[in-house]
Amino acid sequence: MEKIVGTVVRGLRAPIFKEGDDLVQMIPDLLEDFYQEEDITIGSKDVLAITESVVARTQGNYVTIDQVAKDLDRDFAGKDLGVLFPILSRNRFAIILRAIASSQAKKIILQLSFPSDEVGNHLISLDQMDQAGLDPWKDTLTEAEYRHHFGYQTHEFTGVDYVAYFKELVEDLGKECEIIFSNSPLTILDHTEYVINCDIHTRQRTKKILQKCGAKCVRSLDDIMNQPVDESGYNETYGILGSNKSTEDMLKLFPRDSKTLVEAIQAELKKRTGKTIEVMVYGDGAFKDPVGKIWELADPVVSPGYTSGLEGTPNELKLKYLADNEFKDLKGQELKDAIKAAINAKADNLVGQMATQGTTPRQLTDLLGSLCDLTSGSGDKGTPIIYIQGYFNNYTN
């Protein structure tokens with residue numbers, strides 16, 4: 001009988017991990033219980049994925065707003081400080097903004113992009129922007145002009161007016177806050193030469209533009225908390241990029257040393273099971289919500305660490321293309337046999353071939369991480385460990 005089931009994804013309920021827990025032992029312990037409870041046979045290239053939050057928590061990778069403010073004061077104390085292109089997020093950016101406002105900067109000039117932020121959170125709709133006659137590539141708005149055109153806009157899902165919310169956060173900490181709206185990074189230089197650029201995936205380009213055009217000091221989020229401050233957590237690569245809210249006064253940072261961790265877990269699983277299981281740490285996936293329009297992916301990468309078997313991109317043929325073109329005159333078992341033969345004979349590199357059109361041109365870790373993020377969710381499911389079987393199988397298996 002032919003195998004019917006392909007990829008199987010399971011969210012595993014795990015302990016509430018705390019600082020100091022040994023994931024290299026605790027994760028394999030969990031899998032041993034899982035294999036026994038579900039009568040699992042380990043397959044070829046099974047994948048174990050661990051959410052970045054678990055890794056960061058066990059590392060104790062946290063910083064307080066006061067520690068972040070102390071790091072910022074090295075460059076921005078007494079300066080009018082531009083805060084450029086933050087995302088509209090209470091979880092991701094509000095605590096960072098509190099830290100900025102807690103620093104010794106003199107005044108905060110907050111520049112928001114419009115109609116949406118980098119990851120798709122909209123301040124206004126495209127229709128509203130068009131009706132106001134605005135050109136997002138050229139126009140700049142003051143807060144008063146924004147209110148004149150659009151009034152008070154609340155996010156469809158959160159119910160938050162982020163313009164008012166961010167301004168109140170700053171002013172509650174005793175700082176003057178001026179808000180402007182522009183998609184050009186150069187606009188901020190009309191107000192100050194000291195800037196924190198808060199964009200995620202365009203941060204390097206933004207920084208280069210600002211530095212080239214006369215900014216005296218520019219730090220992106222991955223330049224902040226690269227080293228411990230007063231025995232705090234840190235991330236030498238990503239700083240506070242990829243961080244999110246822990247408490248009202250504390251951020252959980254993106255995890256450190258993820259590559260070392262996944263390789264150690266893979267070795268321990270090999271020792272216990274005799275099988276090679278691929279292991280990865282995952283954060284935000286990358287997928288667009290058609291209603292809320294958010295792209296997710298507020299982390300700098302989907303996976304900060306993964307074992308070598310997860311490198312690369314899919315090398316797949318499009319079954320629909322084969323069935324509709326090369327084998328359009330076949331049907332039934334003859335069609336199935338022809339498609340299986342084509343799969344078995346496919347080259348190791350199919351880039352550019354018509355038979356691959358419509359397959360997903362993304363890194364394996366981005367695809368798997370998105371799958372894991374959707375499976376685990378971000379709420380109370382209690383399944384921060386994901387186990388995937390059959391992902392690398394195809395129609396011939």
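User: Which residues lie nearest the centre of the largest cavity?
Analyst: This is a predicted model, where local features need pLDDT of at least 70, side-chain atom pairs count only at pLDDT 80 or more, and totals for chains, interfaces and linings use all residues. Residues are numbered from 1 along each chain as its sequence is written, and side-chain values use heavy atoms, without hydrogens and water. A cavity is a set of points on a 1 Å grid over the protein atoms alone where a 1.4 Å probe fits but cannot get out, and lining residues have an atom within 4 Å of a point. Of 13 lining residues, those nearest the centre are Ile87, Arg92, Ile96, Ile200 and Leu221.

User: What is the strand order of the open sheet?
Analyst: Strands are DSSP runs (E, at least two residues), numbered from the N terminus. Two strands pair if DSSP finds at least two bridges between them. The pairing is mixed across 6 strands, and the order is β6-β7-β5-β4-β8-β9.

User: Which are the edge strands?
Analyst: An edge strand here pairs on one side only. β6 is joined to β7 (residues 176-181) by 2 bridges, running antiparallel. Thr142 stands opposite Ile180 in β7. The edge strands are β6 (141-142) and β9 (217-220).

Terms used: 1 Å grid on protein atoms, 1.4 Å probe; cavity = no way out; pocket = protein on both sides within 12 Å on 5 of 7 lines; lining within 4 Å. Helix = DSSP H or I, 4+ residues; strand = E, 2+ residues; numbered from the N terminus.
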